[in-house]
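Dear colleague,

Please find below the structure that I am handing over to you. My findings follow directly after it.

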Amino acid sequence: MFDFTGEEIDAIQLSLWVASIGMLASLPFGLLAAYALARWRFPGKLLLDGLVHLPLVMPPVVTGYLLLVLMGRRGPIGSFLDQHFGIVFSFRWTGAALACAVMGFPLMVRAIRLSFEAADRRLEDAARTLGANGLIVFATVTLPLALPGILAGMVLSFAKALGEFGATITFVSNIPGETRTLPAAIYTFTQVPGGDEGAMRLVVVAILLSLAALIVSELLARRVALRIGGTA
Amino acid sequence: MIELRVKKKLGDFQLDAEFTSDATVTALSGPSGSGKSSVIAAVSGLIRPDEGFISLAGKTVFNSAKGINVPVHQRGIRVVFQESRLFPHLSVRWNLLYGLWLAGRKSRMSIEEIVSLLGIGHLLTRRPRTLSGGERQRVAIGRALLANPQVLLLDEPLASLDQDRKDEVLPYLRRLVSETRIPILYVSHQRDEIEALAQRVIRLENGKVVNGVPS
């Protein structure tokens, strides 16, 4: 049964690639948003909180459509990025990665935000009295203390990206080798006669990948908690 | 030399303290809630007084009238907190070296000297969570010393320890005072600690100094 065709392997590889890039590219923004929500007071904080969480509650097809309108080649942001930086999202794997990043963003921010909130401010004060400025306090104390949550956020975003379907297919369609990720490939199999076996193969892969992501996150969190001791 | 006059409203509590001391060790004593820790927080810069001035070793670090408020990390003060506040993600060695590493230069005392002064040589590779309370406080003192303190603030460094641990750490503090001559502001309400270490005692009650203002 596990004789994968080239197309199936493409879909698996593409999914892993797109999920990894989406997660890594959104990490700096996730850290910033989480830190701002956890630590800063500013007008419009509630609005930012709401915007960050929108992809979690909106139908994925709505997110995908908004991406298409905003980030497509003729969209206001998409055309700007295309003209000035040569970055194109529409009907490319980069668009699939963007859809994954957006859909995984709320999960990432939630996990990281909690760990920033839990990081002991008294340790940060201690670092300041030892001569550390704000940036160094963040890099040497806050960030390491928040590491379990940051790793958890990264894995959640990655796992969400592996399963992302609605926003991706709406935004960048279902092009073999370019935007046909694992879920899209499974969907395609279910739409053709005799596709059951291929669908089943990919379903097993999807389950195994999701399970592996969860186990890795648990192991990482445990290891970091052990290293840091009581505060994690 | 420490010169200070600060006012700060913290909820219902009003800190209104003023004193000058040129003793090597100045003790801040008084019942709990009298404002001792608030004075330490103001001197270190962790809280900003509503008004007043603070000058340490001839350098003004805060003056509300002149708009001076030197940030915490530039004040040259090092604090030993009651709960040691060692970094849990760093080994004892890296806790000790943290301030030194930030400054990027040598301290007046070598790590070897400080390690032997405090008797913590056998702990260097351990994590803070595996240390006893007394060991933690000694490491916290070492961390502050290695970071080139202009002034050392000790905020009830022995309060969280039982009598045996206190007896373990107190001799190290005595040696520190006699061997380094760094100006120290020492918060405690324990008479034995104060008598063992301080040349000058400032007593606080309800946020006010009751004996410190020279007549």
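I begin with a single residue. B:R174 has 12 C-beta neighbours inside 10 Å and therefore counts as exposed, since a residue with 12 or fewer is classed in that way. This residue is found in helix α5 of chain B. Leaving aside residues up to four places away in sequence, B:R174 touches B:A196 and B:L197. Between B:R174 and B:N148 there are 19 Å in space, C-alpha to C-alpha, and the two are 26 residues apart in sequence. Please bear in mind throughout that the model is predicted.

Helix pairs in chain B

The helix that holds B:R174 also takes part in a helix pair. Helix α5 of chain B covers residues 163–180, and its axis comes within 9 Å of the axis of α4(B), with a crossing of roughly 15°. Angles under 35 degrees count as roughly parallel, so α4(B) and α5(B) are roughly parallel to each other. Their crossing is right-handed. On the side of α4(B), the contact is made by B:G133, B:G134, B:Q137, B:R138 and B:I141, while α5(B) supplies B:R165, B:E168, B:V169, B:Y172 and B:L176. In terms of class, four nonpolar, three polar and three charged residues form the contact of α4(B) with α5(B).

α4(B) has a further partner in α3(B). The axes of α3(B) and α4(B) come within 10 Å and cross at roughly 150°. Because angles over 145 degrees count as roughly antiparallel, that description applies to α3(B) and α4(B). The crossing of α3(B) and α4(B) is right-handed. B:I111, B:I114, B:V115 and B:L118 of α3(B) make the contact with B:R138, B:I141, B:G142, B:L145 and B:L146 of α4(B). The contact of α3(B) with α4(B) has seven nonpolar residues, one polar residue and one charged residue.

Helix α2 of chain B

In α2(B), the buried residues are B:V92, B:N95, B:L96, B:Y98 and B:G99. They lie on the same side of α2(B), because the arc that they cover around the axis is only 130°. What do the buried residues of α2(B) pack against? Their partners are β7, α3 (111–118) and α4 (133–146) of chain B. After α2(B) comes B:G104, which has a positive phi, near 65°.

The interface between the chains

Contacts between the two chains involve 20 residues of chain B and 19 residues of chain A. On the side of chain B that touches chain A, β7 (77–80) and α2 (92–103) of chain B each supply at least two residues. Which element gives the largest share of that side? It is α2(B), with four residues. By class, the side of chain B that touches chain A consists of eleven nonpolar, four polar and five charged residues.

Chain A

Chain A contains ten helices and zero strands. Of its 232 residues, 44% are buried. The C-alpha trace of chain A spans about 70 × 45 × 30 Å along its principal axes. Considering contacts in chain A between residues at least 6 apart in sequence, 74% join residues at least 24 apart.

One helix pair in chain A may be described in detail. Helix α1 (residues 6–39) and helix α7 (residues 134–163) of chain A have axes 9 Å apart and pack at an angle of about 140°. This makes α1(A) oblique to α7(A). The crossing of α1(A) and α7(A) is right-handed. From α1(A), the residues that meet α7(A) are A:S15, A:V18, A:A19, A:S20, A:G22, A:M23, A:S26, A:L27 and A:G30; from α7(A), they are A:G153, A:M154, A:S157, A:F158, A:A161 and A:L162. The contact of α1(A) with α7(A) comprises eight nonpolar and seven polar residues, with no charged residues.

With kind regards

Notes: Residues numbered from 1 in each chain as written. Chains lettered and ligands numbered in written order. Predicted model: local features only at pLDDT ≥ 70, side-chain atom pairs only at ≥ 80, totals over all residues. Contact = placed C-beta atoms within 7 Å. Nonpolar A, V, L, I, M, F, W, Y, C, P; charged D, E, K, R; others polar. Buried ≥ 20, exposed ≤ 12 C-beta atoms within 10 Å, placed from the backbone. Arc of directions from axis to C-beta. Axes fitted to C-alpha atoms, helices over the stretch in contact; angles between N-to-C directions. Parallel < 35°, antiparallel > 145°, perpendicular 65-115°, else oblique. Left-handed = near helix turned anticlockwise from the far one by under 90°.
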